[in-house]
Amino acid sequence: MKDDLHNYIRPGIIHFMAYPFASSGDGPIAESVERIVNDDFFEAIEITRINGAKERAAVKKLIDTAGMTVGFGAQPYILKQGLNLSDFDEEKRLQTVEVLKGAVDQAYEMGAKKFGFLSGPKPKDKRDTDRALERLAQSIIEIGRYAKSKGDILLSLETFDDSTEKFALIGTNRLGVELAREVRKAIPDFGLMVDLSHLPMQGETVREAMTVTAEYLNHAHIGTCVISDPDDPAYGDKHPYFSHPKSECHVPEVREFLAGLFDIGYLREDAPERNIVSFEVQPLGDEKVDGVIADAKRVLREAWRLL
């Protein structure tokens with residue numbers, strides 16, 4: 001394609017991955033958000049919990065002033081606290097639902113349009129999978145109804161891996177669709193978030209993932225992973241820079257992912273509103289965040305050029 005990619009995509013970035021300290025909700029979050037909002041390549045930013053009221057107000061002012069679209073990621077709530085929306089202990093399940101309702105409140109406070117999260121771990125016994133899915137659907141419906149009572153935020157469940165690092169219940173996109181089909185009976189606009197970096201861990205091609213999620217995909221992330229060397233510090237769901245020597249995804253894979261998003265209509269020329277595609281990359285060790293982000297932008301531009 002020869003047109004500017006911004007004519008079709010609202011490029012975004014997951015702030016709390018680019019600045020991993022922010023997933024705790026503490027630290028100089030506003031200062032790091034300012035670095036992103038000042039880069040006009042990005043039109044969307046995905047944030048997570050910000051514990052201090054003053055820091056939240058400062059971040060919101062920065063984002064509003066820059067005119068950026070906001071998404072809210074509740075993944076750190078689940079991953080950092082070991083929460084499980086399909087917990088067989090009813091009291092723990094309800095506690096997790098309440099935590100996510102609190103995250104919804106903060107998402108609305110920050111002006112977020114989308115609310116992303118994940119399932120929690122798969123059960124140790126495969127025979128418990130159906131039961132876990134039922135409880136997960138119940139939890140999502142409870143959170144979704146709460147969210148709808150407050151406004152029109154869109155819920156998006158991110159599919160992860162079920163056998164590499166996160167061992168998530170929703171570790172395949174096909175299983176995610178089964179869940180979404182059930183949840184949509186109560187929450188019609190509920191959808192799935194597909195991340196390019198998870199596909200190698202899920203054992204799925206872009207075509208397979210796009211085909212199965214076509215009617216349910218409502219958000220997209222692009223990143224990469226390392227799965228060839230378990231001893232590499234970047235192994236698993238670490239979202240390293242695209243040009244990592246053991247990276248599974250680079251220009252060809254990003255190009256294929258973008259093409260898949262066009263094929264299913266998530267991206268299209270006549271869209272009334274451009275959809276978001278966000279980078280999920282993070283610096284590891286002594287890597288510098290600006291270099292990691294610059295690498296991601298170069299890869300996206302080249303993938304776009306080759307479409």
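## Residue T164

T164 counts as buried, at 17% relative accessibility, where buried stands for under 20% relative accessible area with a 1.4 Å probe and protein chains only. The model is predicted, so local features need pLDDT of at least 70 and side-chain atom pairs count only at pLDDT 80 or more, whereas totals for chains, interfaces and linings use all residues. Residues are numbered from 1 along each chain as its sequence is written, and side-chain values use heavy atoms, with hydrogens and water left out.

T164 sits in the loop that runs between strand 5 (154–158) and helix 7 (173–183); helices (H or I, at least four residues) and strands (E, at least two) are DSSP runs numbered from the N terminus. Not counting residues up to four places away in sequence, T164 touches M201, I227, Y235 and G236, a contact being heavy atoms within 4.5 Å.

## Helix 5 and helix 6

The axes of helix 5 (residues 90–109) and helix 6 (residues 129–150), which are lines fitted to C-alpha atoms over the stretch in contact, with angles from 0 to 180 degrees between N-to-C directions, come within 10 Å and cross at roughly 30 degrees. That makes helix 5 roughly parallel to helix 6, the word applying to angles under 35 degrees.

## Residue I63

I63 belongs to helix 3 (residues 53–66) and is buried, with a relative accessible area of 1%. Leaving aside neighbours within four places in sequence, I63 is in contact with V33, V37, I45, I47, M68 and V70.

Conventions:
Buried < 20%, exposed > 50% of the residue type's maximum accessible area, 1.4 Å probe, protein only. Parallel < 35°, antiparallel > 145°, perpendicular 65-115°, else oblique.
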